[in-house]
Amino acid sequence: MPFFSDFKQFALKGNVVDLAVGVVIGGAFGKIVSALVADVIMPLVALVMPSGDWRTSGFILSQATNPKDNVVLRWGDLLGAMLDFLIISLVLFVVVSKLVKAAQGRLVKAPPVPATQTCPFCLETIPAAASRCKACTSTLEPRP
């Protein structure tokens, strides 16, 4: 059964598990933001719009005897979906940019140690590990 052992090794790798956790958390976060948009922001937008429930707005393309059978181009639904997307993207951008900045702040690297140094007596360039200058033979202080 080499197929199943290979699959088990692949599925239990750290990257795959981390990705799965990220997808689940991202889905839950998306639901939270969608609820925020639908329950808090959209009612405020509906107050500003003249027709109230603007997500049901649209153009009737074909009139039927039963209003349920009308062919309607729902521009309000499209506009609402685009507004949802913009707000969700904005919230995700703010959260991710804050996380990235926080992570970069913790990952500040020390500046690299130069490979050469200058002799303080004759100003000749010498290797950083040298204890004596090759030009004037003066004794150098060890570098920290």
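Analyst: A strand here is a DSSP run of E covering at least two residues, numbered from the N terminus. In this predicted model, Phe-59 has its place in strand β1.

User: Why does Phe-59 count as exposed?

Analyst: Exposed means over 50% relative accessible area. Phe-59 has 52% relative accessibility, so the residue counts as exposed.

User: How do you know whether Trp-75 is buried, partly exposed or exposed?

Analyst: Buried requires a value under 20%, exposed one over 50%, and partly exposed lies in between. The relative accessible area of Trp-75 is 34%, and therefore Trp-75 is partly exposed.

User: Why is the aromatic pair of Phe-59 and Trp-75 called tilted?

Analyst: The search of the whole structure finds two aromatic pairs. Phe-59 and Trp-75 stand 6.5 Å centre to centre with 35° between the planes, and the pair is tilted. Since Phe-59 belongs to strand β1 and Trp-75 to helix α3, the pair ties together parts 16 residues apart in sequence.

User: What makes the pair of Phe-3 and Phe-4 edge-to-face?

Analyst: Edge-to-face applies to planes over 60 degrees apart. For Phe-3 and Phe-4 the angle is 75°, at 5.5 Å centre to centre, and the pair is edge-to-face. Both residues are exposed.

Terms used: Residues are numbered from 1 along each chain as its sequence is written. This is a predicted model: local features need pLDDT of at least 70, side-chain atom pairs count only at pLDDT 80 or more; totals for chains, interfaces and linings use all residues. Side-chain values use heavy atoms; hydrogens and water are left out. Helices (H or I, at least four residues) and strands (E, at least two) are DSSP runs, numbered from the N terminus. Buried means under 20% relative accessible area, exposed over 50%, partly exposed in between (1.4 Å probe, protein chains only). Rings of Phe, Tyr and Trp (its six-membered ring) pair if their centres lie within 6.5 Å; planes under 30 degrees apart count as stacked, over 60 as edge-to-face and the rest as tilted.
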